[in-house]
Amino acid sequence: MSVDPAAAQTLGTVRIVGTGLLGASIGLGLRGLGVRVLLHDPSPTALALARDMGAGEPDPGDEPVSLVVVGAPPDVTAGVVRAELAAHPNATVTDVASVKGGIAAELAGADGIERYVGGHPMAGRERSGPTAARADLFLGRPWVVCPSSTDQVYERTEAVRMLAVALGATPVFMPAAEHDEAVALISHVPQLAASLVASRLVKASDPAVGLAGQGLRDVTRIADSDPMLWAQILSANAPQVAGVLKELRTDLDSVITALDALGAGEAVGARAAVAQIVHHGREGRERIPGKHGQPQTRYAVVTALLPDKPGQLARLFEDIGEAGINVEEFSLEHSPGARVGLGGVSVLPAAREELERALTERGWHVVA
């Protein structure tokens with residue numbers, strides 16, 4: 001998807017409260033589409049940084065706005081939304097908090113609740129704050145819209161839908177409770193799993209860590225996250241996250257039992273139990289949407305040896321482009337102790353042989 005200037009022009013003046021990663025990214029995206037954006041943040045430093053990044057201008061406090069986007073921390077979002085509903089009696093108010101049920105419960109019966117529409121753009125980065133903001137952060141990403149009631153006035157939900165569309169996201173309407181169950185599974189538990197695996201490395205020996213390859217990097221990529229933010233998120237969605245973890249614990253106990261049996265030489269059925277977990281993992285991964293929301297495609301991976309010097313990655317992609325082959329995914333792994341990298345180029349299976357031939361002809365060492 002791409003940004004939609006026409007949708008942006010329906011938004012009017014937008015006030016953003018909270019200039020962290022999401023708030024500042026929304027501001028950058030809207031400003032690039034010509035929307036007037038007014039910024040507010042309790043931190044003068046964060047506000048000044050967001051302004052200097054081009055996310056908008058500080059809100060003078062006396063101008064009418066059509067849409068308010070609350071980007072406050074999850075544990076104070078409901079209070080900020082309540083204050084914004086009171087301060088801007090004609091505006092639609094939405095938020096970008098990653099947990100919706102608790103906020104909806106806190107706001108039940110609040111004055112102006114019919115003007116509040118919960119939202120959650122499913123986008124982020126390992127870095128936080130306005131300096132990490134990107135105007136294209138939401139391109140092609142789902143943006144969950146959670147109306148505050150089933151009879152919500154259309155113009156209120158439409159304002160939030162158009163915000164998502166303007167920034168290139170895909171609006172997805174979902175009840176708050178269903179949203180919280182979904183993000184526990186697809187976001188919150190993966191964060192905990194990555195952090196738990198990465199925490200095992202704290203006391204690992206240097207030689208052991210030195211053997212780390214792309215698999216460990218992939219599993220622990222999101223472990224480099226803000227502890228304070230995640231403590232708030234997990235606290236707000238504690239029952240749903242705990243439910244998924246209990247199911248995970250059951251599977252983990254089965255694997256431990258099987259491995260203990262294998263270690264003791266009691267192998268009957270143990271290998272099958274381990275294989276079944278791995279098999280189910282493959283089945284589950286295949287359900288994750290691929291490009292353009294389509295089912296996962298099994299790509300062929302062609303690995304090329306990359307000298308560790310300037311310009312090699314650019315040259316690789318240039319050669320692939322000249323061969324007329326589309327890259328579906330790419331990974332880069334540095335080989336331990338060598339001044340080379342391994343560039344994994346994922347392509348459709350039918351293009352594998354052609355890519356191997358094209359790269360070899362252009363002087364690349366293709367790893368079998």
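Trainee: How do the residues lining the second largest pocket divide into nonpolar, polar and charged?

Mentor: The lining comprises nine nonpolar, two polar and one charged residue. Ala, Val, Leu, Ile, Met, Phe, Trp, Tyr, Cys and Pro count as nonpolar, Asp, Glu, Lys and Arg as charged, and the others, Gly among them, as polar. Please note that this is a predicted model, in which local features need pLDDT of at least 70 and side-chain atom pairs count only at pLDDT 80 or more, while totals for chains, interfaces and linings use all residues. Residues are numbered from 1 along each chain as its sequence is written, and side-chain values use heavy atoms, with hydrogens and water left out.

Trainee: What makes a residue part of the lining of a pocket?

Mentor: A lining residue has an atom within 4 Å of a pocket point; on a 1 Å grid over the protein atoms alone, a pocket is an open set with protein on both sides within 12 Å along at least five of seven lines. Among the residues that line the second largest pocket are K100, Y116, C146 and P175. The elements α5 (101-107), β6 (116-121) and β7 (142-147) each supply at least two residues of this lining. Helices (H or I, at least four residues) and strands (E, at least two) are DSSP runs numbered from the N terminus. The pocket has a volume of about 150 Å³, a volume being the space filled by probe spheres set on the points, which are joined across faces, edges and corners.

Trainee: Why is Q232 called buried?

Mentor: Its relative accessible area is 17%. Buried means under 20%, exposed over 50% and partly exposed in between, with a 1.4 Å probe and protein chains only; Q232 is therefore buried. Q232 belongs to helix α10 (residues 227-236). Not counting residues up to four places away in sequence, Q232 touches P73, P74 and D75, contact being heavy atoms within 4.5 Å.

Trainee: Why is V17 called buried?

Mentor: V17 has a relative accessible area of 7%, so the term buried applies to V17 as well. This residue is found in strand β1. Leaving aside neighbours within four places in sequence, its contacts include H40, V69, V80 and E84.

Trainee: What makes a set of residues a nonpolar core?

Mentor: The set must consist of buried Ala, Val, Leu, Ile, Met, Phe, Trp, Tyr and Cys residues joined through side-chain atoms within 4.5 Å. The largest such core has 37 residues, and those with the most contacts inside it are I26, L30, F138, W143 and L163. Elements giving two or more residues to this core include α2 (21-32), β7 and α6 (154-166). A second, separate core of 16 residues includes V65, V68, A72 and A91. Leaving aside neighbours within four places in sequence, I26 is in contact with residues including F138, W143 and L163.

Trainee: How do you know that β7 pairs with β6 and with β8?

Mentor: Two strands pair if DSSP finds at least two bridges between them. Five bridges join β6 to β7, which run antiparallel, and P121 has W143 as its bridge partner in β7. Four bridges join β7 to strand β8 (residues 170-173), and these run parallel.

Trainee: What is the strand order of the open sheet of four strands?

Mentor: The order is β10-β11-β9-β12, with antiparallel pairing. The edge strands are β10 (329-334) and β12 (366-367), each pairing on one side only. Strand β9 (residues 300-307) and β12 pair over two bridges, and A304 has V366 as its bridge partner in β12.

Methods: On a 1 Å grid over the protein atoms alone, a cavity is a set of points where a 1.4 Å probe fits but cannot get out, and a pocket is an open set with protein on both sides within 12 Å along at least five of seven lines; lining residues have an atom within 4 Å of a point.
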